[in-house]
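Welcome! Try each task with the model in view before reading on.

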Amino acid sequence: MTQVHGNTTPNATAPGDRSNLGRLIGAALILVGLVLMALGAYLGPYTYATSTPGKLTVDTCTVDYKYRSSTSSSSRKKTKTRWCYGTFTATDGSAKDLNAELKSDALHQRGYVIEALKTGDTSYRLDRGWIGAIAIGCAWFFGGLMPLTIGVLGATTGFSSTEPWSRRRFRPYLITTLVAGVGLISSLLVGLFA
């Protein structure tokens, strides 16, 4: 009688194939983490350092209501965005825009002065200072640290169940992920109150 050696099921993947897929997923997560960290550096401190500080004198403020339909229920969800329009004047006098618009956190009366940043030709945002800019950068950094840590774990182990897991081997990844979660929450809170 002839004996057949090998896989008995024709479409079963070898454990090495699964670990290669895990390493590929890990590499993709590393890339996602690095992109998020770079975005944090750009959207936080870099944008703040390259923008023009100034003041926006409010002419009028409005509220835009948008309705989204929810697929889980028949109700429509309403979101509102506050916009203030007026004249932006740079602190150093280098720029003046009579038709500036700014997403605001409150509705203000005519003549109210808002600390603002000119981040582009026609884009403005609230000036929350260096603390706010660093908090935004840190939130993106810690948000990117989570997929980066999981990606390094995947790239080194392939998320393979054939290799024995030890607490000593897994502990640094768990601690880094927990630090990233606490850092993300802390950064968001600082950014909210800055």
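The exercises go from the whole chain to single residues.

This is a predicted model, in which local features need pLDDT of at least 70 and side-chain atom pairs count only at pLDDT 80 or more, while totals for chains, interfaces and linings use all residues. Residues are numbered from 1 along each chain as its sequence is written, and side-chain values use heavy atoms, leaving out hydrogens and water.

**Exercise 1. Find the disulfide and describe it.**

Step 1: Look for two cysteine sulfur atoms within 2.5 Å, the cut-off for a disulfide. The whole structure holds 1 such link.
Step 2: The partners are cysteine 61 and cysteine 84, with an S to S distance of 2.1 Å.
Step 3: Now place them: cysteine 61 sits in strand β1 (residues 52–69) and cysteine 84 in strand β2 (residues 76–90), 23 residues apart.
Step 4: The angle about the S-S bond is 100°, and the link is right-handed.
Step 5: Both cysteine 61 and cysteine 84 are buried. Buried means under 20% relative accessible area, exposed over 50%, and partly exposed in between (1.4 Å probe, protein chains only).

**Exercise 2. Which residues make the nonpolar surface patch, and which elements give two or more of them?**

Step 1: Patches take residues with over 30% relative accessible area and no salt bridge, joining like charges within 9 Å and nonpolar side chains (Val, Leu, Ile, Met, Phe, Trp, Tyr) within 5 Å. A salt bridge is a side-chain nitrogen of Lys or Arg within 4 Å of a carboxyl oxygen of Asp or Glu.
Step 2: Leu31, Val35, Leu39, Ile136 and Trp140 form the patch, about 400 Å² in area; accessible areas come from the Shrake-Rupley method with a 1.4 Å probe, and for residues only the protein chains shown count as cover.
Step 3: Two elements give two or more residues to this patch, α1 (15–50) and α2 (129–157). The largest share, 3 residues, belongs to α1.
Step 4: Take leucine 31, which lies in helix α1. Its relative accessibility is 56%, so leucine 31 counts as exposed.

**Exercise 3. What kind of aromatic pair do tyrosine 48 and tryptophan 130 form?**

Step 1: Rings of Phe, Tyr and Trp (its six-membered ring) pair if their centres lie within 6.5 Å; planes under 30 degrees apart are stacked, over 60 edge-to-face, and the rest tilted. The whole structure has 4 aromatic pairs.
Step 2: Here the centres are 4.6 Å apart and the planes stand at 70°, so the pair of tyrosine 48 and tryptophan 130 is edge-to-face.
Step 3: Tyrosine 48 is in helix α1 and tryptophan 130 in helix α2, so the pair ties together parts 82 residues apart in sequence.
Step 4: Tyrosine 48 is buried at 15% relative accessibility, whereas tryptophan 130 is partly exposed at 43%.

**Exercise 4. Is serine 187 buried or exposed?**

Step 1: Locate serine 187 in helix α3 (residues 167–193).
Step 2: Its relative accessible area is 9%, so serine 187 is buried.
Step 3: Beyond neighbours within four places in sequence, serine 187 is in contact with Ala135, Cys138, Ala139 and Phe142.

Conventions
Helices (H or I, at least four residues) and strands (E, at least two) are DSSP runs, numbered from the N terminus. Contact means heavy atoms within 4.5 Å.
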